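The following paragraphs lead through one part of a predicted model. Please keep the sequence and the structure in view while reading.

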Amino acid sequence: LTSVVGCSLFAPKFGGVIELSAMPRDETYLECIKALGEELFRLKFVEGVTQEELDRARANAKADRIYSEETVSGQARSIGNALQTPHELLFDYVIEAKMNRLTPYDINAAVSRWLMPDRAVIACVLPKTIPVTAEQVKKAFLEGFHEPKQTITQRARKPDPEGIYHEQLTPQVTVIYRQQDRSDLLNIMAVASGGLRIEEEGQTGLFHMIADLLGTATEDLNYDEMLSAVEGRGAVLAGFSGRDSCGLKLQCLTEQTDALLTLWADCLMKPVFHNDQLESTKLEIFDDIHMEQDSPSSLAMRRFQQVMYENHPYQYPVWGKEEIVRAWTPESLLKSYKTWRDGSHWIISGVGRIPFEDLMKRLEV
């Protein structure tokens, strides 16, 4: 449709303009304008900016700045542009620092906030021989860039007076979320009633074992691949359990959300318990049991709990009894986990920069 197409930004002290430009051929004039509108539609409503695209844009911007310093004219242009901004000569450093902190969610939120079909100013220069009217240009653009019907009817989710969102994802899952725009981390956990309190006498240590194995492998990734995917990003993905609950937590950089949130969900929905990890966990539990037996204070506390709680599950240690732990197999543990998971009400709680609507879209998938 066009031999040249581009996008630029002019943002001096008094405001800013983002500009799309193209040089279509005579016979493709209206098609090209419609296509520009379609690209904006896709960007805003269908396919937002990805982490890969953002990384590429950062690299290009950094390269442009470095290349501009290699010539006198480039330096002069850089200084002149910087002096038009509030940051003056510090502009290049400030803008690079701000760009490094951006996430795809920040970009997509800005696109959603600022790019409006009815606010576009369309300037056309074309030969008199082309019979195109201003009304045709406007119609072509709005055919490409328009509000989708679903955004008009979509129910707006609003936080409570304390800024916390509450949403029923399914009858079995409740989501609680606080959006903190200054945080570079996403912290999220899924938790349900479990742990020592609901274990029967022959099951003691069940949830402690499940928590240790949850997050070690999925149907798609083995243990080594999981380790690389999580620790290679400096993230934390781990199960937890106690006297009254059990669940799975994730802590990662906001920019890693797309990859790791999916992995976190897979650990809940498609876990695999391998025998190697099970045997390793058993050894750790046996060490804990033996250490308690060698500690007079720990033994005294255990006796106190047995007297205090009598027939209640709290009388047992969270890691269970050695003979029960030895009997667990990957198959029996996975069966127990799925029975508990599918029969429990879950709370998903989180804090992060991700807009609540974006988080819900990912959880709904």
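An axis here is a line fitted to C-alpha atoms, for helices over the stretch in contact, and angles run from 0 to 180 degrees between N-to-C directions. Two packed helices are described by the angle between their axes and the distance between the axes.

On these terms, consider helix H9, formed by residues 223-231, and helix H10, formed by residues 257-269. Their axes come within 11 Å and cross at roughly 140 degrees. Only angles over 145 degrees count as roughly antiparallel; H9 and H10 are therefore oblique to each other. The crossing in which H9 passes H10 is left-handed.

Which residues of H9 and H10 meet? On the H9 side they are Met-226, Ala-229 and Val-230, and in H10 they are Leu-260, Leu-263 and Cys-267. Sorted by class, this contact of H9 with H10 consists of 6 nonpolar residues, with no polar and no charged ones.

The description now turns to the strands. Strands of a sheet pair through backbone hydrogen bonds, either parallel or antiparallel. In this model, 6 strands form an open sheet with mixed pairing, in the order E3-E4-E8-E5-E7-E6. Its edges are strand E3 (164-170) and strand E6 (236-241), each of which pairs on one side only. On average, and with direction ignored, neighbouring strands of the sheet are turned by 15 degrees against each other.

At the E6 edge, the pairing with strand E7 (residues 245-253) is antiparallel and extends over 6 bridges. Within E7, Lys-249 is the residue that stands opposite Ala-238.

Note on methods: Residues numbered from 1 in each chain as written. Predicted model: local features only at pLDDT ≥ 70, side-chain atom pairs only at ≥ 80, totals over all residues. Heavy atoms only, no water. Helix = DSSP H or I, 4+ residues; strand = E, 2+ residues; numbered from the N terminus. Parallel < 35°, antiparallel > 145°, perpendicular 65-115°, else oblique. Left-handed = near helix turned anticlockwise from the far one by under 90°. Contact = heavy atoms within 4.5 Å. Nonpolar A, V, L, I, M, F, W, Y, C, P; charged D, E, K, R; others polar. Pairing = 2+ DSSP bridges.
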